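Please have a look at the model first, and then read my notes beside it.

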Amino acid sequence: MNNDKKNRPPFRNPLLIFLVISIVATILLNLMVFSLQSSSKQEISYSDFLTMLDEDKVDEVIISQDRFVIYEKPIEIKEPEGENEAAESFLNMFGISSSEVIKRAREQSRKVYYTGYIYDERLLERLDEKGIKYSTPIQNNNPILDFFLTWILPLGIIYLLFFILTRSMSKRFGGGGGIMGIGQSNAKMYNVENSTGVTFKDVAGQEEAKESLDEIVDYLHNPAKYRAIGAKQPRGALLVGPPGTGKTLLAKAVAGEAKVPFFSLSGSEFVEMFVGVGASRVRDLFKQASAKAPCIIFIDEIDAIGKSRDSQISSNDEREQTLNQLLNEMDGFDSSKGLVIIAATNRPEILDKALLRPGRFDRRIIVEKPDLKGREDILKVHIKNVKTEPDINLHDMALATSGAAGADLANMVNEAALRAVRMGRKTVSQEDLMESVEVIIAGKEKKDRILSEKEKEIVAFHEVGHALATAAQKHTQPVHKITIVPRTMGSLGYTMQMPEEEERYLMSSDEILDQITVFLAGRAAEELVFNTKTTGAANDIERATLLARNMITQYGMSEKFGMAGLESIQNKYLDGRSVSNCSEETKTAVDNEIIRVLKECYDKAMRILVDNRTALDEIAKYLIDKETITGDRFMEIYKSVTETTGGDNNDEESER
Ligand code: ADP
Ligand code: MG
Ligand code: ZN
């Protein structure tokens, strides 16, 4: 990072700035010493001096070229009577005698005056007469040494001090090179990797994204081919998608495939407290990268600088400048050299329009959460890193992890390996894998939390309520497992549903209503069996309400509002919060409609449970006993009970 020191503008050269500061400080220091020296002396007139002589007040006179320095007689200090052995021997340790100490003290206590030099023939005679000591200082005949002591030495010391100070500051605050180095994007700012070691093989389940990026790789390999036909390479690609889907990984893979250097940094690292810092870092980054082209610049989390400029109530000068500089550089660089910029974000909607126009990040590559096959492929990539038993079934695991991103899956495989170690095994089993899925979804088992018998019963009936609503309705996913072992993330038990074969991308309104019914069946079971309401249903209620609201406001599934879009989603790739687009009256009406839907679903859940009361009791008993029940065992009991009771399940719903 140092090769640009020479051509830095002089006012930014830290060495020069040190020098100027040191010189100023040295001058100030000398002035201060001088004024201190003279302030301890008092100026008197020559005639006052003569009067002092007459009055016998003068002890010593030093005659120099331009002045007389007059020492007044000191206050009398008496030598102590008798001998103080202790004091004497103490002083002897330092090689001085007590009389010497007294002499020194006397000299120090003398008052000092000075007066201008006057040629006075009789003065020396008078001094001799009174026996006053006089002398003239030997002129310092080594001006070089003098100059060195008063100017060069302090200069050097101050210079050094500053240097050390700023060094340690820059270390503490990381990057930026301290006060003086602000603006130089230094090694900590971004990483340069000459080979990332990641290839497309390491990224699974993102086939479309890889395809789009393939072209960039090809270009980096062989820019001449494109130049020959006159095609311009897109300068930038923007990777968009939820966290953990492999955006950073993809960017690295592009560099690895193209075998070019990879400059990576995070958007937030550009922006500092000081206006102009980010901009100069951007400038510097592009300069470094241009020198190494062909190469890839990767700006992670670009939304930190690329935020739309107009939407801000309080504008942020620093960020705007940084963004402007980035826009500038993107226009300025010569893409024929093979400099490609890849950026990643999960909030594309807040990016400045100028960033997205053709010629900048004009290529948008969506990196979605993986589908079933994608998840299986990702699991395959990561399972290679751990030792497994031969009979593991990644397909099952992929089925159970709908909605998980690549990072989650990588994490699950690792959790499974950790569990295997904990269990004292040398290989990862299918059980480890499935358990780790649950750990990620619901938290670790909390064996030490003992539920009271009563609570355990309530939780069991609650969970079986969910499961029965699942089994008794058509449009639901089958139960995979029910457990009432408390988990660290707060749930006291849960019912795990898992799709049978294929993943679903669409949900019909029937399916949504069935799902809401499943959510509410937990509370319905509590009410039916114990005639009580517990806090355990809070999460169910939240999810059911959200589904009902979305049905009405976003999916156009209510008769009352038809297909009006009453809400829209913001931050699609993050929390997916929705904002309301309708009037207050409509909002009220929507709320009422939600309440109606939930009520209907709750009633339906209650009906299902009443109809299947025998199964509910049976399965809950089993669950209280065993704490966990598999989906298969659950269906066995359910089927045997409904068959023997001759279908007290006379709902229109068919059984599964
Ligand atoms: P982000 O999209 O937030 O930048 P990362 O690229 O940092 O996500 O992914 C984090 C980790 O998750 C990666 O290091 C990798 O181990 C794993 N991962 C994510 N997506 C995939 C994928 N498609 N294939 C393989 N591993 C993945
Ligand atoms: Mg990332
Ligand atoms: Zn529940």
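Here are my points, beginning with the background and moving on to the metal site and the rings.

1. This is a predicted model, in which local features need pLDDT of at least 70 and side-chain atom pairs count only at pLDDT 80 or more, while totals for chains, interfaces and linings use all residues. Residues are numbered from 1 along each chain as its sequence is written, chains are lettered from A and ligands numbered from 1 in the order in which they are written, and side-chain values use heavy atoms, with hydrogens and water left out.

2. Start with the zinc ion (ligand 3): His-462 (NE2), His-466 (NE2) and Asp-540 (OD) coordinate it at 2.0 Å. Donors here are N, O and S atoms within 2.8 Å of the metal (3.2 Å for Na, K and Ca); water is not among the atoms, so sites may look incomplete. Along the chain, the donors of this zinc ion follow the spacing H-x3-H-x73-D.

3. His-462 and Asp-540 are both buried (under 20% relative accessible area; exposed is over 50%, partly exposed in between, with a 1.4 Å probe and protein chains only).

4. Now the rings: there are eight aromatic pairs in the structure. Rings of Phe, Tyr and Trp (its six-membered ring) pair if their centres lie within 6.5 Å; planes under 30 degrees apart count as stacked, over 60 as edge-to-face and the rest as tilted. One of the pairs, Phe-68 with Tyr-117, is stacked, at 5.2 Å centre to centre and 25 degrees between the planes.

5. Phe-68 is buried, at 2% relative accessible area, whereas Tyr-117 is partly exposed at 41%. Ring pairs also join Tyr-46, Phe-49, Phe-68 and Tyr-117 into a cluster.
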